[in-house]
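Colleague: I would like a close look at a single part of this model, the contact between the chains. Please go on from there to the helix packing and the charged pairs within each chain.

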Amino acid sequence: MVQDDDDQLSENIPTFKSLGLCDQLCEACAALSWEKPTKIQVETLPLAFEGRDLIGLAQTGSGKTGAFALPIIQDLLDHPQTLFACIISPTRELAIQIAEQFEALGSGIGLKCTVVVGGVDMMAQAISLAKRPHIVVGTPGRLVDHLTNTKGFSLRSIKYLVLDEADRLLSMDYEHEIDEILKLVPKERRTYLFSATMTNKVAKLQRACLKNPAKIQVSSKYTTVDTLKQEYVFVPVKSKDCALVYLLNELAGSTTMVFTRTCECTRKVAMILRSLGLDAIPINGQMSQPKRLGALNKFKAGERSILICTDVASRGLDIPSVDVVVNYDIPMNSKDYIHRVGRTARAGRSGRAVSIVTQYDIGLFLRIEELIGKKLPEFPMDDEERKLLEERVSEAQRIATMKMRERGGMRKGKKRRGTDGDDEDDHIVAKRSFGGKKQKGFAR
Amino acid sequence: MKPDQLCSRHGDMSEHNGVLELQDESEEEAAIPKDNSKATRNFFTKHLEHQLTDEEASLLQNEGLKFKHGIRASGFQQAMWLTTASDFPSEGKELSTLGVKQRLMKSWRACQNDLVWGDFQSACQCQFFSFCTSYRDVLFSDRPSFFHSGQKQDTEIMDAYLLHVLNHILRTRDLVTKNNEKRDTTNADEAPRDQGFTRPTVLILLPLRSIALRLVKRLLDLVPSVHKSSIEHKARFFDEFGAEDEDSEEDAAGNARSSKPADFSALFSGNNDDHFRIGIKFTRKSVKLYSDFYSSDLIIASPLGLITRIGEAEEEKEKDFDFLSSIEILVVDYADVILMQNWSHVTDIGEKLNQIPTQQHGTDFMRIRELFLNGYGRYYRQTVILSSHTDAGINAFFHRSCANYSGKIKLRCKYPGVLSKIVIQVRQVYERIECSSLTDVDETRFKFFTKQVFAILKESMQGGIMIFISSYFDFVRLRNFFKAENMSFCLLGEYTKQSDISRARAWFFHGKRRIMLYTERAHFYHRFKIRGIKELIFYSLPQNAQFYVEVTNMMEGSENHSSTILFSHFDKMKLERIVGTSRAKKMLKSQNKTFMFC
């Protein structure tokens, strides 16, 4: 978990203990080397111990999970009960990560936690639920699936409901499922709602499911961490791949995440890089769950140093060793930029983010600069050297396109979204071509 | 930090359950004095609520079995029951001390004729029942069967395990219905854990329809009267499992004429179809035959019938065999007959039992017992195998595939041998094949045969040589060998056509063919009386000692009888049934390799 550096300045740093956390959990935190509470934890814990409903507006990587896990576990210790809390998260990876944190914190007290996400065998999950875990973490789609199809499983007894990344839950059209779940949980409960932004939809959800909530806002402004070095390179669209290869060469030896807009693009870029001998691995919403986890684990373990991903991975994933983030495509939504570059320079480390800006992306890029409130410097690129790469890259491109076409035939019939709908790439693609034309005339 | 703090409440829960159960018992069986009910407290609950740790389970997987303790087996001349557990279950003569339901006790007493041994017909029955009811695995390898020892003794044993099976089913059902009611009236938070993934808890494997008919008849006799105010599909059952009328008359007539042995006609007189499966459902008031497997409590099937159902499930996506996931008791009766059919079906079924199902089948998941959720079903399954003799396949299944945590009990018998039953003067020469590993034994046996036995056969011009072979693989091997050697021979195997059989027998009798190959299965299914045998060679020993006698006695009528018998260290079990236990020991240990009986 991440500790914010800002706190160090103040003299009387609150400790977990002084916030009212019991000794057992303080020990558990220490075992995870969480030395002091993060900002959001400092704010939430006392309110949570009072028994209030909470709304937390906090950016990613701020220690949110701990902020709701600790009070839940503490209450569970006082009132042992199975099926005690339910946590809803927008993506499978995030759900698994939350469950891991719960298990880590509760390992000493026999806490059982079950993850209920799509893409994995229903039966194994049903068995796990039948073992009556204390905590259920899931994505809305699969959770509703179990509530309707697994006989005997209900959330009637839960005491806590947590909606994590609520803005994302709602933007992914989970409204219907969340309504369904809200109908099936008891009225007498505590509800925590966490969101990166306060959108209209989130406000509506808040009115629907929270009672007299306390609002906690850790930082309202979108900022990026100071230890992060942000740059851009400006190239024409056709030399994007070449620029990417150049950047990866320049930054060789570091762990890198490359963000693209579409699933198709992750595959293509990965193929190009691989045929040039770079150890890249793609991850996207069209991959099956075990494959996604496999790819992620390979990357985490350091077997692969370059992860090519869509925005699926832009939030919540805690991969502490990322040094560099490359934006192969500039995100359509400026806030996504913050999430993307938030993957690096975590926990007080330094990091580097480079965006590849083409003639069509200038408008988007300016908006990002506006949001983060600073002008970014250009990455020093040696054009001569880049041109040297061109020939090999275009050969690799050709091979990749050929391979994609071969596969394309097989893919077509299979183009089916996962039930969780983890990626919103489709409509982004549509928007892009529209927006692109408009901005054509811009020059920097 | 206190470890497993959160689980403490759970522990309370199960204890709580235990208390409830105790109350139920005393309510229901109020007739029994209090001290009694406490002592017996219900093997059913005890067995299923035992908490097995992961370490114990992994031990069960790998543990080498040691049968440490033994007691005399009642009802046998020279036999011992051996167990892997530290003690034997206590043998109560009264059913009430053995945790049998009150209702069932009544119906048991009503349908048993002469109860001379407490509530039992004999000490043997009593002992066997106490083993069953202790939920240990039992291998009864000297089961008196109706085709050898007569109806009475056979039924005694069948009744004993049926009583146990019924008791198990009724207890399961009563617990579930009681909990259903409780949940309807009160709104308890925690669901009681009282069932498996699917409803069937007992599987009985039987070789033939006629035997299934006998068993179901007996079962219906034993079912308490309240539960059988109606029996659905009874007529259809008797129609499908009874003998086809015309055939049976013909058979009966044929039997009277032919000189087939009595055990053969007893076994095959009824409907001898070996492909069947049937589910039986017990409700409060009725017994339903032919119920769907998923709503049945008991499944009765032949190994072949069940394996075809499993095969269908593997081929078609919509079907599955999840109904085998929660079997708590497996009974394999007449394993010796199944051995003649195809034992590998039984081992295959054994592997499919207690697997995690693929579908939910509408079960309330919160009520599934933890043992099933942990995938420990197989460590709680009781397996009871009954056979009139045992064999390596049965033993391997019993020792390897059954991993009941509560231990195993098996019978060790001393056999007197069957040599005295041979009516003619025969010089029987036993040749021991030296071989140290099981994998090489077939190869060594074949080499021994070709070098030592066949060399002599080939030179002499004598005809009328019959070679008896126990396994079909050896049969094929010898057939190919003889073909290659261009010998004059004929075949009588289990797959030989009727017309070929008649021709072969005629050729052999008239001396047109010198050698005949005869398999044990062919003998089991047809019991031919082969004439014209001058010399007999047992390439391998028969499973059924009786067959040794029958085949040897076929030599009647010729002069100068002699037979050669090949055996190895791995034939110990077969050998001791033929020559007797003590002699078999000597023959395997002695320096001599050749032994002769006259």
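Modeller: What follows starts at the contact between the chains and then moves into each chain.

The model is predicted, and every value below is computed from it. The contact draws on 25 residues of chain A and 25 residues of chain B. Together the two chains bury about 2,300 Å², with 59% of that area on carbon and sulfur atoms. On the chain A side, the residues that lose the most area to chain B are M123(A), R132(A) and K151(A), which together make up 29% of what that side buries. As for polar and charged pairing across the contact, there are six residue pairs in polar contact, both residues being at pLDDT 80 or more, and zero salt bridges between chain A and chain B. Three elements of chain A give two or more residues each to the side that touches chain B: α1 (23-31), α3 (64-78) and α5 (122-130). The largest share of that side comes from α5(A), with six residues. By residue class, the side of chain A that touches chain B divides into 13 nonpolar, eight polar and four charged residues.

Within chain A, helix α8 (residues 175-184) has the buried residues E177(A), I178(A), I181(A) and L182(A). Seen down the axis of α8(A), these buried residues fall within an arc of 140°, so they line one face of the helix. On α8(A), the face turned away from the buried side carries the exposed residues H176(A) and K183(A). The buried residues of α8(A) pack against two strands of chain A, β2 (85-88) and β5 (160-163), and against the helices α6 (140-149), α7 (166-171) and α9 (200-209) of that chain.

Over all chains, the structure holds 40 salt bridges. One of them joins the side chains of E231(A) and R352(A), at 3.1 Å from N to O. E231(A) lies in strand β8 (residues 228-234) and R352(A) in strand β13 (residues 351-357) of chain A, so the pair ties together parts that are 121 residues apart in sequence. E231(A) has a relative accessible area of 4% and is buried, while R352(A), at 23% relative accessibility, is partly exposed.

In chain B, the side chains of R103(B) and D174(B) meet in a salt bridge at 2.4 Å, N to O. This pair links distant parts of the chain, with R103(B) in helix α5 (residues 102-111) and D174(B) in helix α7 (residues 151-185) of chain B, 71 residues apart. R103(B) counts as partly exposed at 25% relative accessibility, and D174(B) is buried at a relative accessible area of 14%.

Helix α7 of chain B also holds D154(B), which forms a salt bridge with R143(B), the closest N and O atoms being 2.9 Å apart. R143(B) lies in the loop between β3 (137-140) and α7 of chain B, so the pair ties together parts that are eleven residues apart in sequence. D154(B) is buried, with a relative accessible area of 0%, and R143(B) is buried too, at 2%. Both belong to a network of salt bridges that links R143(B), D154(B), R214(B) and D333(B).

Key. Residues numbered from 1 in each chain as written. Chains lettered and ligands numbered in written order. Predicted model: local features only at pLDDT ≥ 70, side-chain atom pairs only at ≥ 80, totals over all residues. Heavy atoms only, no water. Contact = heavy atoms within 4.5 Å. Buried area = accessible area lost by both parts, 1.4 Å probe. Salt bridge = Lys/Arg side-chain N within 4 Å of Asp/Glu carboxyl O. Polar contact = N/O pair within 3.5 Å; in protein donor to acceptor, adjacent residues only side chain to side chain. Helix = DSSP H or I, 4+ residues; strand = E, 2+ residues; numbered from the N terminus. Nonpolar A, V, L, I, M, F, W, Y, C, P; charged D, E, K, R; others polar. Buried < 20%, exposed > 50% of the residue type's maximum accessible area, 1.4 Å probe, protein only. Arc of directions from axis to C-beta.
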